[in-house]
Amino acid sequence: MTVEIITLIAISIVCDVFGQIAFKIGADRLPAAETIGIPSFCARMFGEPWLLAGIVIYVVEFIVWIRVLALVPLGIAFPIASLNILGITLASHFFLGEAITRKQWLGAVLITGGVAIVAQSV
């Protein structure tokens, strides 16, 4: 893989991780829809800065991902991009203080191992 491809995939993964963290923080700041009604909930949702940041991050990721797909077969790019699972697991633990079970860690490690196998086929 070229430096450009590795860099683009890394940017895509980082965007996905931080986009998910932003969505989680934003979602946690919203009141329950049942308590304020759907129209008010939607208005609050589209006014929540963390959710808007998540959307902006995902727009950047979309642009980067399209470039990745122009350079790499989907059957290789997508499994490598699944490293976002490990990134999100780590970020949710370190940034959000979420507890991660042994099974979750094992799953993340197994996915990472699978990614390594797919990446070696390039």
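1. Isoleucine 85 lies in helix H6, where helices (H or I, at least four residues) and strands (E, at least two) are DSSP runs numbered from the N terminus. With a relative accessible area of 37%, isoleucine 85 is partly exposed, a class that falls between buried (under 20% relative accessible area) and exposed (over 50%), using a 1.4 Å probe and protein chains only. The C-alpha atoms of isoleucine 85 and valine 17 are separated by 8.2 Å, although these two are 68 residues apart along the chain.

2. A word on the basis of these values: this is a predicted model, in which local features need pLDDT of at least 70 and side-chain atom pairs count only at pLDDT 80 or more, whereas totals for chains, interfaces and linings use all residues. Residues are numbered from 1 along each chain as its sequence is written, and side-chain values use heavy atoms, with hydrogens and water left out.

3. The protein chain has 7 helices and 0 strands, and read along the sequence its pattern is α-α-α-α-α-α-α. The C-alpha trace spans about 50 × 35 × 20 Å along its principal axes, and buried residues make up 30% of the 122 residues in the chain. Of the contacts (heavy atoms within 4.5 Å) with a separation of 6 or more, 70% are between residues 24 or more positions apart. The accessible surface of the chain comes to about 7,500 Å², with 73% of this belonging to carbon and sulfur atoms; the areas come from the Shrake-Rupley method with a 1.4 Å probe, and for residues only the protein chains shown count as cover.

4. Helix H4 (residues 49-71) has 23 residues and reaches 34 Å from its first C-alpha to its last, close to the 33 Å expected at 1.5 Å a residue, the expected span being 1.5 Å times one less than the number of residues. Its buried residues are Leu51, Gly54, Glu61, Val64, Trp65 and Val68, and what covers them includes helix H1 (3-28), helix H3 (38-47) and helix H5 (74-81).

5. Leucine 71 also has its place in helix H4 and, at 32% relative accessibility, counts as partly exposed. Leaving aside residues up to four places away in sequence, leucine 71 touches Glu4, Ile5 and Leu8. From leucine 71 to isoleucine 55 the C-alpha to C-alpha distance is 25 Å, for 16 residues in sequence.

6. Aspartate 16, found in helix H1, deserves a check. Aspartate 16 is buried yet has no salt bridge, and the nearest side chain of opposite charge, lysine 24, is 15 Å away. A salt bridge here is a side-chain nitrogen of Lys or Arg within 4 Å of a carboxyl oxygen of Asp or Glu, and in assigning charge Lys and Arg count as positive and Asp and Glu as negative, while His and the chain ends are not counted. Not counting residues up to four places away in sequence, aspartate 16 touches Tyr58, Glu61, Asn84 and Ile88.

7. The count of aromatic pairs comes to 2, where rings of Phe, Tyr and Trp (its six-membered ring) pair if their centres lie within 6.5 Å, and planes under 30 degrees apart count as stacked, over 60 as edge-to-face and the rest as tilted. The rings of phenylalanine 18 and phenylalanine 95 have centres 5.9 Å apart and planes at 55 degrees, so this pair is tilted. Because phenylalanine 18 lies in helix H1 and phenylalanine 95 in the loop between helix H6 (84-94) and helix H7 (102-120), the pair ties together parts that are 77 residues apart in sequence. Phenylalanine 18 is partly exposed at a relative accessible area of 39%, whereas phenylalanine 95, at 56% relative accessibility, counts as exposed.
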